[in-house]
Amino acid sequence: MQLVQFYFKGCRNISDVGIFSLAEAPNPLAYLDASLCQDVTDFGLATLSRKNLAELSVRGCHQITNQGVMRGLESCTRLAYVDISSAAKLSGEIIEFLAQHATMLEQLHAHNVPDLNDNRVMALLEKCPHLSSLNLGMA
């Protein structure tokens with residue numbers, strides 16, 4: 001059996017240890033929802049760089065930063081869906097990163113991400129031609 005989808009949304013006991021275990025497993029992890037998992041940090045996300053995710057949701061993960069998301073997604077060439085809404089330590093810089101590295105992106109949810117501006121949004125629209133859903137407002 002090869003599990004490729006993991007949904008941990010709201011699981012209070014999921015931490016970097018669980019994310020690290022997924023990253024180390026031989027399965028071809030494609031979908032990860034760690035939304036509201038308060039013990040997931042940059043370390044856990046960075047271990048995901050070993051996988052080529054298609055979807056990632058870290059909505060409401062308050063311990064992750066731009067650097068953790070960047071390290072975790074830097075080699076995800078097929079990334080189509082990202083939800084980074086209400087992750088308190090993220091900034092508009094992450095939008096620039098996604099514009100440069102997630103050119104297959106189809107859906108982005110980035111509610112409550114500060115420092116958004118016209119240039120960052122335009123870069124995303126120019127570099128991500130498959131983008132069909134963009135949610136940047138307040139949630």
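**Helix packing and core**

I began with a helix pair and found that α4 passes α5 in a left-handed crossing. A reminder to myself: this is a predicted model.

Next I looked up the geometry of the pair. The axes of α4 (residues 93–101) and α5 (residues 118–127) come within 8 Å and cross at roughly 15°. Angles under 35 degrees count as roughly parallel, so α4 is roughly parallel to α5.

Then I listed who meets whom. From α4 I noted Glu93, Ile95, Glu96, Leu98, Ala99 and Gln100, which meet Arg120, Ala123, Leu124 and Lys127 of α5. By type, the residues of this contact split into 5 nonpolar, 4 charged and 1 polar.

I moved on to the largest nonpolar core, which has 41 residues. Which of them touch the most other members? I found Ile64, Leu73, Ile84, Leu98, Leu108 and Leu124. The elements giving two or more residues to this core are α1 (16–24), α3 (66–73), α4 and α5. α4 gives the most, with 5 residues.

Leaving out residues up to four places away in sequence, Ile84 touches Val58, Leu90, Ile94, Ile95, Leu98, Leu108, His109, Ala110 and Val113.

Last stop was α3: is this helix mostly covered or mostly open? Mostly covered, I found, with 6 of its 8 residues buried. I wrote them down as Asn66, Gly68, Val69, Met70, Gly72 and Leu73. Their cover includes α2 (42–46), β3 (55–57) and α4.

Notes: Residues are numbered from 1 along each chain as its sequence is written. This is a predicted model: local features need pLDDT of at least 70, side-chain atom pairs count only at pLDDT 80 or more; totals for chains, interfaces and linings use all residues. Side-chain values use heavy atoms; hydrogens and water are left out. Axes are lines fitted to C-alpha atoms, for helices over the stretch in contact, and angles run from 0 to 180 degrees between N-to-C directions. Helices (H or I, at least four residues) and strands (E, at least two) are DSSP runs, numbered from the N terminus. Angles under 35 degrees count as roughly parallel, over 145 as roughly antiparallel, 65 to 115 as roughly perpendicular and the rest as oblique. A crossing is left-handed if the near helix is turned anticlockwise from the far one by less than a right angle, and right-handed if clockwise. Contact means heavy atoms within 4.5 Å. Ala, Val, Leu, Ile, Met, Phe, Trp, Tyr, Cys and Pro count as nonpolar, Asp, Glu, Lys and Arg as charged, and the others, Gly among them, as polar. A nonpolar core is a set of buried Ala, Val, Leu, Ile, Met, Phe, Trp, Tyr and Cys residues joined through side-chain atoms within 4.5 Å. Buried means under 20% relative accessible area, exposed over 50%, partly exposed in between (1.4 Å probe, protein chains only).
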